Amino acid sequence: MNHIEIGGVQHPLLFNMIAIESVMDDLNATDFSQLSEHVNSAMISKSLKFTRICAHRGIEAGYRKLKQNNPFEDIDDLSLYRDWE
């Protein structure tokens, strides 16, 4: 399993089918071609939202696999984390 470090703390990161489905649901995407609309440097706000959603859902899946509680309540909680390095 991969990890992501946030504020000096390593969090598990897993992109399984549930995580990918959750990302698509969060973005109201019905197919993979619609995901490309969110990864567009011309639309930086969409790209940032896509990145934040992917990070949260990947961390959520990682903690679920480890059977541990996700310290981030939701996507907004992750983006408000005060100790980003």
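Modeller: A word to start with: a residue is called exposed when its relative accessible area is over 50%, and buried when that value is under 20%. Keep in mind that this is a predicted model.

Biologist: Thanks! Then why is asparagine 28 called exposed?

Modeller: Its relative accessible area is 65%, and the cut-off for exposed is over 50%, so asparagine 28 counts as exposed. Asparagine 28 sits in the loop between helix H1 (17–26) and helix H2 (32–35).

Biologist: What makes the phi of asparagine 28 worth a look?

Modeller: Most residues other than glycine have a negative phi. Asparagine 28 is not a glycine, yet its phi is positive, about 55°. Lysine 67 is another such case, with a positive phi of about 60°. Lysine 67 is found in the loop between helix H3 (44–66) and helix H4 (75–79), and with a relative accessible area of 76% it is exposed.

Biologist: How do you know that strands S1 and S2 pair?

Modeller: Pairing asks for at least two bridges. Strand S1 (residues 2–6) and strand S2 (residues 9–13) have five, running in the antiparallel sense, so they qualify as a pair. Isoleucine 4, for instance, stands opposite histidine 11 in S2. The two strands make a hairpin with two residues between them, and glycine 7 in the turn has a positive phi of about 60°.

Biologist: Why is the contact between aspartate 26 and arginine 57 called a salt bridge?

Modeller: The closest N and O atoms of aspartate 26 and arginine 57 are 2.7 Å apart. The limit is 4 Å, so the pair is a salt bridge. Aspartate 26 belongs to helix H1 and arginine 57 to helix H3, 31 residues apart, and the pair links distant parts of the chain.

Biologist: Are those two residues buried or exposed, or something in between?

Modeller: Arginine 57 has 17% relative accessibility; buried means under 20%, so arginine 57 is buried. Aspartate 26, at 24%, counts as partly exposed.

Biologist: What makes arginine 64 and glutamate 60 a salt bridge, and where do they lie?

Modeller: Their closest N and O atoms are 3.7 Å apart, within the 4 Å limit. Both are in helix H3, four residues apart, which means about one helical turn separates them. Salt bridges with shared partners join Asp26, Arg57, Glu60 and Arg64 into one network.

Biologist: How many salt bridges does the structure hold?

Modeller: Four. One of them joins arginine 52 and aspartate 76, with the closest N and O atoms 3.2 Å apart. Arginine 52 lies in helix H3 and aspartate 76 in helix H4, so this pair ties together parts 24 residues apart in sequence.

Conventions
Residues are numbered from 1 along each chain as its sequence is written. This is a predicted model: local features need pLDDT of at least 70, side-chain atom pairs count only at pLDDT 80 or more; totals for chains, interfaces and linings use all residues. Side-chain values use heavy atoms; hydrogens and water are left out. Buried means under 20% relative accessible area, exposed over 50%, partly exposed in between (1.4 Å probe, protein chains only). A salt bridge is a side-chain nitrogen of Lys or Arg within 4 Å of a carboxyl oxygen of Asp or Glu.
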